[in-house]
Amino acid sequence: MRGTAYFVFFALMTCCVRARPVRAQNPLAGRVLVVFDQNSSDSVNVANHYLAARGIPSGNLCAISPPETAAALTWSTYVSAMQTPIQNCLDAVGASQVLYIVLSYIRPFSLIGQNGKVYAIDSYIADISNQYATADAFPYPSQAHPYFAVNQSQGNSYEPLLSFADYRAQAGSLQIYSVWRLDGATPALAQGLVDQAIAAEQNGLSGQACLDRRFGPIAKQFDAGDGTGDWELHMAAVFAGQAGFSVTEDENPQEFGTPPAPNCSNAALYSGWYSLNRYNNAFTWNTGAIGFHLDSLSAADQRTGSNWSEDAIQHGIAGTSGAVSEPYLQGLAQPDGVFLNLLEGANLGDAFLRNEAWIKWMILNIGDPLYLPFPGGLPPFNGPNPQTSLVINPQFVVGPSSSTGTVNLAAPAPAGGTVVNLSSSKVSVATVPATVTVPQGATQASFNISTMAQKSNTFLVISASGGITQSNTLGVVPMLGGVSLIAAAVIGGGPVNAAVILNDYAPAGGTTVTLSSSKPSVLPVPTSVTVVEGTYQSTFTLSSNPTSSDTPVTIKASLDGTTTSTSITVTQVLASLALSPSSIVGGNTAHGTVTLTGPGYQGGIAVSLTSSDPSVAAVPSSVTVPAGANKQTLSVTTMPVSSSTPIVITAKSGGSMKSATITVTPHR
């Protein structure tokens with residue numbers, strides 16, 4: 001009966017919506033599932049608008065009833081209110097038929113995973129049938145999803161364009177989805193994302209491309225760590241220039257709009273960094289503009305706040321992407337791959353998913369996934385476009401293991417072959433042969449890269465000259481990759497998940513890593529953990545102890561002369577005790593609120609309560625703050641008095657104590 005009610009509901013809503021001209025149907029329109037909140041007229045209207053504009057079949061509508069909230073959903077609420085009904089819709093439409101899932105003006109944006117960490121709802125819907133991963137990722141996903149293009153920016157190595165439809169048609173492909181939102185500060189802005197996309201398809205997306213780097217001359221940057229972000233932005237600028245766009249590429253540490261960095265007017269394409277959770281109003285956006293900012297909270301809330309994506313939509317951008325929580329640079333969309341695929345003729349839904357390594361992670365994509373800014377692609381990207389490249393595989397290797405370099409020519413080598421000269425910028429770390437020859441008629445040749453063991457991450461440049469002029473970064477790293485904690489703070493007495501990560505799979509017999517704590521009385525650790533043979537990480541749970549004050553703790557991990565560390569603050573349990581009202585006529589009941597310094601851990605947190613004179617103002621002996629909550633209310637029962645009497649109420653838990661005073665007054 002739910003299905004029947006759903007279609008009646010939609011029919012009732014559509015009867016009241018102003019008729020719109022029907023657009024030419026996109027060939028992929030039938031492969032979009034449009035999800036709307038049946039309790040929100042705004043959500044229904046945005047869904048209707050999208051269906052009419054794109055010619056999406058009404059049978060591809062999916063009604064859900066999520067709680068309308070800016071807070072992250074609990075795991076159980078996500079499953080019952082979003083995952084299960086959307087899965088039911090997919091099953092009804094045909095899960096293999098759907099490529100794109102569009103959430104039409106629906107809030108919330110994030111969920112709390114089963115491990116207590118915050119993730120993007122959309123990213124979980126992308127793997128709604130758990131084919132990519134069956135557990136929450138910590139400290140980050142163990143592998144890229146299979147549609148992801150593994151590119152090497154500095155080496156100019158890019159995987160060929162593959163449409164998402166063609167990927168999903170392959171035998172053995174995972175049934176994952178490209179998930180998008182039509183959202184913004186108002187429903188009109190959400191609808192405008194669709195209108196802008198269609199207008200740009202009809203009239204062409206034009207303007208300049210703006211790329212905002214931050215680390216100075218690109219030739220001085222390794223394609224590793226933060227330098228990878230600058231290399232991706234630089235190559236995005238190169239591709240935009242080759243396609244005929246006017247390009248503004250800035251290398252100043254200041255972002256656009258902050259001198260000496262320039263502004264970006266009439267923007268068609270943008271990516272850059274870095275300011276956390278902030279939009280610098282340095283842009284004017286042309287119709288259909290696509291842009292995204294590389295920061296850890298760039299899409300924290302599309303309805304309000306200072307985050308980049310929300311403000312960019314308000315100022316006129318048509319398509320964007322960002323994170324709801326720390327994604328790490330590797331987890332954000334990669335600008336060069338996104339722009340290259342768009343210039344090759346991909347739609348938004350394909351270009352972004354193809355260049356976002358991880359799902360079940362932190363990313364929201366906002367806009368119309370069917371938006372095709374450059375139908376058929378732009379020259380030179382819409383036809384054969386052979387390039388020279390230098391590929392290193394693996395690009396990051398645990399010394400003294402070897403790596404392999406491959407030089408690729410743009411055309412077959414002539415008679416006698418092509419001799420390519422090779423060099424290493426740090427021969428004490430990695431060596432290469434003096435030359436490699438590409439045989440006659442061939443376009444590539446490979447060579448061995450020998451490395452030496454390192455106690456810290458060491459980066460160097462492998463260069464090729466002669467038949468090609470190309471360089472690429474090689475990272476020679478120690479076996480120990482790091483130690484990670486799931487949170488920056490934990491309430492004393494609570495558990496905290498930890499992980500030791502290796503840079504390669506543990507050999508036969510496993511790898512034992514030594515641990516230490518700077519405050520073992522507050523956060524003890526085992527003396528060592530073993531990463532099991534054939535795996536790259538070991539996860540374990542630490543148990544903190546109660547503390548009377550917030551205490552920073554450093555956890556160190558050591559292996560073969562390499563030491564890495566991470567920090568956490570073990571907090572006192574109680575943040576405050578508040579009473580309301582602070583003055584009350586005896587015989588009435590006041591109310592109090594106990595607030596913790598963070599969410600309660602599993603099993604809840606007991607807080608003992610006392611009154612300095614329970615004959616005047618009585619409180620329960622204790623209250624329990626449930627797991628996941630950070631506060632609990634209590635009642636203060638007062639008795640009649642003959643004169644004003646101040647009473648101190650005290651809350652205690654885990655070595656921390658908070659007090660508040662209530663004055664009980666006589667009847668007048």
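How do helix H2 and helix H6 pack, at what angle and with their axes how far apart?

## Two packed helices

Helix H2 (residues 41-54) and helix H6 (residues 187-203) pack at an angle of about 10°, and their axes are 9 Å apart. That makes H2 roughly parallel to H6, a label for angles under 35 degrees, while over 145 is roughly antiparallel, 65 to 115 roughly perpendicular and the rest oblique. The axes are lines fitted to C-alpha atoms, for helices over the stretch in contact, and the angles run from 0 to 180 degrees between N-to-C directions. Helices (H or I, at least four residues) and strands (E, at least two) are DSSP runs, numbered from the N terminus.

On the H2 side, the residues in contact (heavy atoms within 4.5 Å) are Asp42, Asn45, Val46, His49, Tyr50, Ala53 and Arg54. They meet Pro187, Ala190, Gln191, Val194, Asp195, Ala197, Ile198 and Glu201 in H6. By class, the residues of this contact divide into eight nonpolar, three polar and four charged. Here Ala, Val, Leu, Ile, Met, Phe, Trp, Tyr, Cys and Pro count as nonpolar, Asp, Glu, Lys and Arg as charged, and the others, Gly among them, as polar.

## About the model

This is a predicted model, in which local features need pLDDT of at least 70 and side-chain atom pairs count only at pLDDT 80 or more, while totals for chains, interfaces and linings use all residues. Residues are numbered from 1 along each chain as its sequence is written, and side-chain values use heavy atoms, with hydrogens and water left out.

## Disulfides

A search of the whole structure finds two disulfides, each a pair of cysteine sulfur atoms within 2.5 Å. Cysteine 62 and cysteine 89 form one of them, with sulfur atoms 2.2 Å apart. This pair links distant parts of the chain, 27 residues apart: cysteine 62 is in strand E2 (residues 61-64) and cysteine 89 in helix H3 (residues 75-93). The torsion about their S-S bond is about 85°, so the disulfide is right-handed. Both cysteine 62 and cysteine 89 are buried, meaning under 20% relative accessible area, where exposed is over 50% and partly exposed is in between (1.4 Å probe, protein chains only).

Cysteine 210 and cysteine 264 form a disulfide with sulfur atoms 1.9 Å apart. Cysteine 210 sits in strand E7 (residues 208-212) and cysteine 264 in strand E9 (residues 264-272), 54 residues apart. With a torsion of about 90° about the S-S bond of cysteine 210 and cysteine 264, this disulfide is right-handed. Numbering the bonded cysteines in sequence order gives the pairing 1-2, 3-4.

## Salt bridges

The whole structure holds 13 salt bridges, each with a side-chain nitrogen of Lys or Arg within 4 Å of a carboxyl oxygen of Asp or Glu. Arginine 54, listed above in the H2 contact, forms a salt bridge with aspartate 368, the closest N and O atoms being 2.7 Å apart. Arginine 54 is in helix H2 and aspartate 368 in the loop between strand E12 (363-366) and strand E13 (389-393), 314 residues apart. Arginine 54 is buried, and so is aspartate 368.

Arginine 303 forms a salt bridge with aspartate 183, with the closest N and O atoms 2.5 Å apart. Arginine 303 is buried at a relative accessible area of 14%, and aspartate 183 is buried at 0%. Glu68, Arg107, Asp183, Asp301 and Arg303 are linked in a network of salt bridges.
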